[in-house]
Each structure stands twice: as structure tokens, then as C-alpha cells.
Amino acid sequence: MAKQVEQLEQVTIRFAGDSGDGMQLTGGRFTSETALVGNDLSTLPDFPAEIRAPAGSLPGVSGFQLHFADHDILTPGDAPDVLVAMNPAALKTNLRDLPKGGALIVNRDAFTGRNLEKAGYAASPLEDGSLDEFHVHEVPLTTLTLEALKDVDVSKREAERSKNMFALGLMSWLYHRPTENTIAFLERKFQAKPQIAEANVKAFKAGWAYGETSEDFVVSYEVAPAPLAPGTYRNITGNQALGMGLIAASVKSGLPLFLGAYPITPASEILENLSRHKRFGVRTFQAEDEIAAVGAALGASFGGALGVCTSSGPGVALKSETVGLAITLELPLLILDIQRAGPSTGMPTKPEQADLLMVMFGRNAESPVPVVAAATPGGCFDAALEAARIALKYRTPVYLLSDAYLANGSEPWLLPEVDELPEIPVEFADGPNRDGEFLPYVRDPETLARDWAIPGTPGLEHRIGGLEKQDETGNVSYDPDNHDHMVRLRAQKVAGIAADIPELSVDDPDGASVLVLGWGGTYGPITAAVRRVRNGGGKVAQAHLTHLNPFPRNTGDVLRSYHRVLVPEMNLGQLLKLVRAEFLVDAVGYNQVRGVPLRASALADAIEALL
Amino acid sequence: MTENGGTQLSAKDFASDQEVRWCPGCGDYAILAAVQKFMPELGLPRERIVFISGIGCAARFPYYMQTYGMHSIHGRAPAIATGLALSRPDLSVWVVTGDGDALSIGGNHLIHALRRNVNVKILLFNNQIYGLTKGQYSPTSPLGTVNKTTPMGSLDWPFNPVALALGAEATFVARSIDTDRAHLTEVLRRAAKHPGTAFVEIYQNCNVYNDGAFDTVREQKENRIHLEHGKPIRFGAEDERGVRLLPDASAEIVDVAEVGEDALLVHDEQAPTPSLASALARLSHTPHGPTPIGVFRDAERPVYDRLMDEQLARAREDQGEGDLAGLLAAGDTWTIG
């Protein structure tokens, strides 16, 4: 009997299981299949910091949410339409997000007495009627997988571990996803272990076949491709985009890339990625600590490399002193802060935007640093190029802010044309600049950037250091007027970058009186919330900052031209504080620090309340 | 023919135009003079030499050298120098540090630089005191040191810098004395020649806050145990004393007449493990008796920056020169017409 096919505009699926169940891999593959269909998509991996908390326990649950649609979308979805729960713990921790009437696919085999107990269920939810409000598919995933693999030469344990691929096969059938790439992927991944490859491929195909034949699934779904702009796409996470953006900045500036880093969640992946691109002349240095990581990057900058370090809040806190040195040396340096929930160790795998004031002010004395923030996973690529451009042009450290959500979340990314990427011209000093001498602090009158001579340049030998320096000569100086002058010069140099960045653009089709101002990784949820309000007939304007220091030169004018300004942030009001102080605007905040992205629906309600 | 185009440089070519601002009588002056005098021997033009320092009296050193230089932050010079040396293998990179800078706030960077064997030469000016902050005890001050922060005597067991460097698996470890120009120059020469990280402890007298700390070896030359590779270790006014190894792998001072020359330990800089060198280093935990000077260890081990260069070259050989468009389009892509 041919099964019924239903057309959907969009779907949000959440895969949830034990940390050892391979949910990230499953979600990642479903995402790749979905990208190839041509849907727009957005993902939210959500995993614990513990590598493998005790199997079956609540803290050990790992999830992956994917939102895909036949139109342009901005978020991984507020709530899933479908929840795949591999065990009772996954059901327990995720069920509260599933709306009534939502579809629930559970691995019935995992609902044993022991697992139920570990998840804190007194009785099996499959039997006590507590799931009556949902559309439940109980699938004996483990049994079916073992049955499918009975002729494959793998242990029972290995066979069981393939059940995630059975689930992926079933979901792939349910949503008409192509299978070739996943099969090719599995064969490649387990190249060295052909039996494991065979087991995974077989389980995947068996899952698909189960969907086709089981009477439990009578309808399958199609989501048509989204009308994205013409071009070649790939799916990309923020961390991948940052790595590629840094390499692009190296190619475009002609400076070799040097990355000093110490492993830290959620930034380690950038170090891992870049360590694989040595053929681009990329040097990655895994330092002994966060301080050495930034020190080595600064040392490389001194030698004429593009010095970069990648970290997250707790690591960035340790770098402050070196960043201060880079400010006074006036050398380019990039510090990437992939923000996570804090304070202290906080919630290492969960996103937050609460490092803004740290990177703005978290140093001794007057020490201004430009700050750039990425807005989307794909936007991380542009942010890396822009941060490098500012650092190299103005000889200054630059902070680039991303967060755990952008880092791990993914979206389709339109590949840029390499020839159309901005050039980043860098000129090293090659001769005397003042009366036959080279003075290291002679500046370009327009940018105030100092002349940069690198070791190896004959005749331009000079010394720079952390002590205050005399204007132009760079010699140590304790002169009061000179210090006042130098402090102001460094501040002016950073403030002057405002003339060299785009104005803040405002999306305001209806002539609204309320403006929503966001920054960084909240772009997706804020834009989705604004659309929601507009679809309901509300008038609201939106602007989003990717330059936080200095602000775009028209920011004050934009803010003052609205009756009300709402600033949604994943912190307790850090940008809010800055704009109120800087522009004397009575803006109000919308603040969530839950370690999860803002929810578009709740934010839309907050906007509507202001209209 | 030197690499600087045949022009023979002299010590004064390495003196910058900055007025030297150490206290009169400071041991740093002698070290600066020795280093400036030695520099031409590198055979490198000045622009290819870089001095990097942290914080402290010694850390002012780069300002006085007519080379490239950076006076950085407390304890971090080895990390900064590592980044520079890795990205610029064409340079000769020197770190100047002190006992507080290298062994207290910067201890972690020091030991990791030593174990990695990056091509950086580290000169540690040990004066057993915090001079720039005006006289607090340092991590090399002897136990019981009475000064500003320890009115009843310091409670910290001090580091022996040479033993520490050997423990960190440094491939080149040496010790010299600020005022012994000839010895210091020879040690600098050996350090410069060594492929990888070289660690040189220099006993440096702080005449203001810790005058005479090293007089036992600085003034009483008979206490200097000169280490020479391949030779039995003897010292004293008439070479009447020597060093012997004990069954517990420690070393002791003996009278040669009593034990005979054959019983003496023969110095081996190139021993594959630093055990013998460590035994020698521990002959005087702080130099208040006979103290070895010279090269404790000069062993070969792959140099980090060369290994890194080799990996880069191999990646290019195997995969070809990086192609940005190819990188961006790697993996699964799809095209919308």
C-alpha cells in the first residue's frame, strides 16, 4: 500500500539520547541530508560538558535540534514538532519542550526498570497514560537493530551501538531525505573497520525500510527546497566559519597565520580545525596555558605574522595583561572569545553573551580595544576578516565575540567568491620615517596607526615595551604631559575606527516607533521575533550591531529617533548599559540567562507589550 | 665572511642610544658589556637579533641593545619569544629574565619552553632578591632570608635554577658569573651554538639589596668547580679537590689525594639523561660552598620550531599549496541555480 505523503512548510526535530548514543552524529548527518535537499535550516546541538555522564542518567542526556523549512528561517526553532527519545532520561529532560500533539518517537527497548529508575520515573510513561497528549511511536529500536545485524560480524555491543543509525534511517524515510551521502559518509568514517561500517549502513537502511513497512508510520512528509539566493552552499557552524575566516584573512593580508591556543570549550574546535590546514602556512601552537597562548600570538605578531588566540570567557580573563601590552605596543592581535555561560566555569557548553563588558573594560587603566561580534554561524567568517582588517590596519588588539550557540549551531552558507573578499593591505616600514631615523611611534595622520617595522628589517632596529613611551620615539617616558597625550592618542585611534566601519542599518518597513537593538549571536531569534510581530500587524524596527567598539557613527542618531528602544540580550543588560551611558537613551532590556538561545515567541510577546 | 655583508660589527654597534639606568655597581653592567662584546660573534646582522624580557631590573636589558627588542610583562617573555621564534626561524631570539620573573611568576612558561626545545636562548640573571620592587625575598633566596617581607626569616625552600632546568628536560643548561667576562663569553658562545633552547643562569650581584650573595664563588675562586666535558671534575687552588658519585646517585666533594683521580666523576655534558648533571647541580643548592660553573648539559633533541617547519613543508608536499576557494567549498555542497 502506497503511503500518504504530506507537504510541510517547516519542521523542527530534536534527537535526544544518552551521551554515548551518538546523537550529535545523528543530528549532524540529518542536517547534511537536509542541506542537500535545499531546505533552509538552523541547528542547535545541546550537550553536557561531561563526556559521558553515567549511562542512562539525566545529566548524561545529549540533544540535537534541527529546524528546516521551505523558506528562509533564522532559528533552530523554539520547540520541536518531533522528539526522538532514545531512553527514559532523554524523554524526561526533553518532554517539557514538546508541545501537546507533538510527535514522539521513543526507543521502547530502553524503557527498562533500571533505566526508568535512573531517570526518576516511578512507572513507565509509556504505560501510565502520561503521554496521551502526544502522538507516540514506540519503536523497539534496539531489538530491530540487533535483528537487522544478525548476519554482520560484530559483537552484540557494537551492533547495539548502531541503533542511532536505525533511528536516522527511519527519520530519513519519514522526511524524504536522500541517503547516498550518509552511506558514503559511514563507509568513509569506518574505513579502517569494514564490519562496523557495514553494521552502521545496514542499520541505517533497516531504519528506512522499517518506516516504509511499519503500520505505525502511515504518513511521510516532504519539505520543499527553500528559495535561497543562487549560488553554491555548504552547511557551516560558527567555529568552522571562524577557522576559514582566519585563513582567508591570512591569504588576503599575505601574513602567515599563527594561532596560539589552549584547549577550552567551546573554542577548542577552532584550534583543531586550523591544525589541519598547515599547507596554508598556518602555525598552530597548543600552549601550556591561556597566558602563554596569547603571549605566543603576540610574539608572532611582533615578527610580522597574523597573531591570533582563541578562547572562552575564563581563558580570556587570563589574557587581560597581555592584551594591555598589545595595546601599548600597538601591535595587531586577534582574541576570539567564544562566550559561554558563567561566571567561573559556569556551563561550558551553553551560550551566553555576558563577556561584553569584560572585553570592553576588563583591563587595568585606559585600555581601549575594538570589539567585533558575529551575528550568525556564517557571519563568523566575515567577522574574522573584519577583526583582522581592523587589527592590521590600526595596529591594535581586537576582540571578536562569538558564543557557544553560533560555535556549534549551523546553517546553509552561500560560498563567497574568493576574488570578491576584501583585500587586507599591510605595509611594513622599510626605511627611516623621520629625519633619516626610524621612530617606531610615528603615526599615519589619518588612521593614527604607528609605523610597523618587523625584525629582519635592516636599519630599523628598535625596542618597544610595556612602559609608557615618548610620543614618536617610543623611548621610555614618565613625563606627565606625554602620558596624557599618549592615553588620548590611543583612545582616539580606536574611536576613529568609527569612520571606517559601516553605519548601523535599520530595518523599518512600516515607520515604527519601537526599535529592537541587538548584537552578536541573538540575531536569529531577534529577527524571527520581529517577523512574528510584523506578521501579527505590529510595527517594529530592528537594528543589529556587529561592531561594539567603536559603535557605528550613526548609532546615537538611530536610537534617539525611536520612541522606545528594546535591547534583548543573553545577559543582564550589558549592551543596554553601554548605550544608555554613551547616548543617554532610555532604552530597556529584555534579558535571559538560561544557557539557551532566546526564544522568538517569548521575545515577540515582549516586543508587543511595548507597542 | 660574516652574514652581515662582511662588515665586522663591534660591541659598540650593539649599544643603543639609551642611557643605562641600573644602580651604579650592579652586576647587570658587566653582563650587558659581555653580551654586547659577544654579539658580533653570532655573525648575524643586528636586525636579525631580538632580545625579549619580562619585568624586573634585568628586564630593562633590551632597551640597551641596538637590536630589535621587547620589554614585555612579568614572567611571560619565554611565551612571547616562543611565538616569535616559531614564526620567524630566521631570527636569533634571546630572553633576558631574572629569578623572580623566570622562576616565580613565569615558572610555567620557563619549564615548558625548556621541554619543548624551541630555538630561544634564555639568560637568567639570578640575584636572589626582588630588586625592582626594592628588596623582597625571591624564589632563589636561601631559607631564612631576612628582609622586608620576611622579618623573621623566609619560610620557602629556594629553587636551584640549574636543577630546575635539568628537571624540565632542558637540552642546554649552563651557569656563569657576571664578573667573569671570559667564562661568561664562552658560555654564551656555547649557548648560541646549541640547537634548541639554551638556559644560562648568571650569578648577578645586587649591590643594593643583596650585596655579596655570591661572594663564596664570585670572590673565592677556589670554590669554582669548572665543568669540562670528558674530564674528571677537579677544582681548588691547586686542583686538589674533586667530585665523586655516590651509590645513591648523589655527588660529593672529595680530596683527590684521598680517593685518587680514578675515583673522580668524569663530566659528560652529552649524557642522554640529565641525572649526572642534576647530581652536580645539587652539590650546592644555594652557592655557599664549592659550586659548579660552566656547561652542565648540552644534549641533542629535535628542535620544536624545526619540527613545525617540517610539518608545514610536508603538508604542502602531500596536499599542495593551500587553495582558499577549495577550502571554502570542501565537503558537501549544493548549488541553487
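1. In this predicted model, Y233(A) has W334(B) as its bridge partner in β14(B). The pairing belongs to a set of four bridges that join β9(A) to strand β14 (residues 333–336) of chain B. These two strands run antiparallel.

2. Turning to the overall form of chain A, the radius of gyration is 27 Å. A compact globule of 611 residues would have a value near 25 Å, so the two figures agree. Along the principal axes, the C-alpha atoms of chain A fill a box of roughly 90 × 60 × 45 Å.

3. Chain A holds 21 helices and 23 strands. Of its 611 residues, 55% count as buried. Among the contacts in chain A between residues at least 6 apart in sequence, 75% join residues at least 24 apart.

4. Which residues have the most contacts inside the largest nonpolar core? They are A384(A) and L400(A), in a core of 206 residues. Helix α15 (residues 379–394) of chain A gives the most to this core, namely eleven residues. Leaving aside residues up to four places away in sequence, A384(A) touches L242(A), G245(A), L246(A), A249(A) and L400(A). Apart from this core lies another, of 56 residues, with V84(A), A85(A), V106(A) and F166(A) among them.

5. A further feature of chain A concerns strand β6 (residues 103–107) and strand β7 (residues 135–139), which run parallel and are joined by five bridges. Within this pair, L104(A) stands opposite V136(A) in β7(A). Together with helix α3 (residues 113–118) of chain A, β6(A) and β7(A) make a β-α-β unit, and the unit is right-handed.

How values were computed: Residues are numbered from 1 along each chain as its sequence is written. Chains are lettered from A and ligands numbered from 1 in the order in which they are written. This is a predicted model: local features need pLDDT of at least 70, side-chain atom pairs count only at pLDDT 80 or more; totals for chains, interfaces and linings use all residues. The radius of gyration is taken over C-alpha atoms; the globule rule is 2.2 Å times the number of residues to the power 0.38. A residue is buried if 20 or more other C-beta atoms lie within 10 Å of its own, exposed if 12 or fewer, and partly exposed in between; C-beta atoms are placed from the backbone. Two residues are in contact if their C-beta atoms, placed from the backbone, lie within 7 Å. Two strands pair if DSSP finds at least two bridges between them. A crossover is right-handed if, with the strands pointing away from the viewer, the path from the first strand over the helix to the second runs clockwise. A nonpolar core is a set of buried Ala, Val, Leu, Ile, Met, Phe, Trp, Tyr and Cys residues joined through C-beta atoms within 7 Å.
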